[in-house]
Amino acid sequence: MAHPVDIHVGKRVRHRRWLVGMTQQQLAEKVGIKFQQIQKYETGANRVSASRLWDIADALDVPVAFFFEGIEEAQQEGAAPATASDAVPSDLLGDKEALDLVRSYYAIPENQRRRLFELARVLSDVA
């Protein structure tokens, strides 16, 4: 059974890869391994060594610490009481549609992006 930390690190690898629009094959080539190994890392089936995590962080242009961000919250999540914000999935960046939306949002020119953000804020306050 995969360790929760390995699963978290794997999810963060996948999230960052999706966010930058990179395929498993492209990441594997940058790191010098086969894409099947990236698949195993992303699911937590295989543990990522420190040196390999360093290479992945370099290929994805993030610090190694990025892969451990939010781990405390993820471990405490099961004990958290239900709130009104539960309408938002706990693993928002695990949702490919949400990642595609974020990627598209940042592709919009900044002045239009700000207007879109304000529109979304107004619409969410009305709901």
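## Ground rules and overall make-up

A residue counts as buried when its relative accessible area is under 20%, as exposed when that value is over 50%, and as partly exposed in between, using a 1.4 Å probe and protein chains only. Please keep in mind that this is a predicted model, in which local features need pLDDT of at least 70 and side-chain atom pairs count only at pLDDT 80 or more, while totals for chains, interfaces and linings use all residues. Residues are numbered from 1 along each chain as its sequence is written, and side-chain values use heavy atoms, leaving out hydrogens and water.

Helices here are DSSP runs of H or I with at least four residues, strands are runs of E with at least two, and both are numbered from the N terminus. The protein has seven helices and zero strands, giving the pattern α-α-α-α-α-α-α along the sequence. Of its 127 residues, 27% are buried. Contact means heavy atoms within 4.5 Å. Among contacts between residues at least 6 apart in sequence, 61% join residues at least 24 apart.

## The nonpolar core

A nonpolar core is a set of buried Ala, Val, Leu, Ile, Met, Phe, Trp, Tyr and Cys residues joined through side-chain atoms within 4.5 Å. The largest one here has 18 residues, and V13, L27, I56, L60 and F67 have the most contacts inside it. Helix 1 (4–19), helix 2 (24–31), helix 3 (35–43) and helix 4 (50–60) each bring at least two residues to this core, with helix 4 giving the most, at five residues.

Not counting residues up to four places away in sequence, I56 touches V13, L27, V31, Y41, V48 and F67.

## Helix 4 and the residue after it

Which residues of helix 4 are buried? They are L53, I56, A57, A59 and L60. Viewed down the axis, the buried residues of helix 4 fall within an arc of 165°, so they line one face of the helix; the arc is that of the directions from the helix axis to the C-beta atoms. An α-helix has 3.6 residues a turn, so residues three or four places apart point the same way. The buried residues of helix 4 pack against helix 1, helix 2 and helix 3, whereas W54 and D58 are exposed on the other side.

D61 belongs to the loop between helix 4 and helix 5 (71–76). It counts as exposed because its relative accessibility is 64%.

In helix 3, the buried residues are I38, Y41 and E42. Their arc around the axis is only 95°, which puts them on the same side of helix 3. Their cover includes helix 1, helix 2 and helix 4. Helix 3 is followed by G44, whose phi is positive and near 85°.

Q24 lies in helix 2. Is Q24 buried or exposed? Q24 is buried, because its relative accessible area is 19%. Setting aside neighbours within four places in sequence, Q24 is in contact with R17, F35, I38, Q39 and E42. Q24 and K34 are ten residues apart in sequence, with 8.9 Å between their C-alpha atoms.

## Aromatic pairs and charges over rings

Rings of Phe, Tyr and Trp (its six-membered ring) pair if their centres lie within 6.5 Å; planes under 30 degrees apart count as stacked, over 60 as edge-to-face and the rest as tilted. By this rule there are two aromatic pairs. F66 and F67 form an edge-to-face pair, 5.4 Å centre to centre with 80° between the planes, and both residues are buried. The ring centres of Y105 and Y106 are 5.1 Å apart and their planes lie at 85°, so this pair is edge-to-face too. Y106 is exposed, with a relative accessible area of 55%.

A charge sits over a ring if NZ of Lys or CZ of Arg is within 6 Å of the ring centre and within 35 degrees of the ring normal. R12 lies over the face of F66, 3.9 Å from the ring centre. The charged end of R113 sits over the ring of Y105, at 5.7 Å from its centre.

## L99 in helix 6

L99 is part of helix 6 (residues 96–107) and is buried, with a relative accessible area of 0%. L99 and R16 are 83 residues apart along the chain, and their C-alpha atoms are separated by 9.5 Å.
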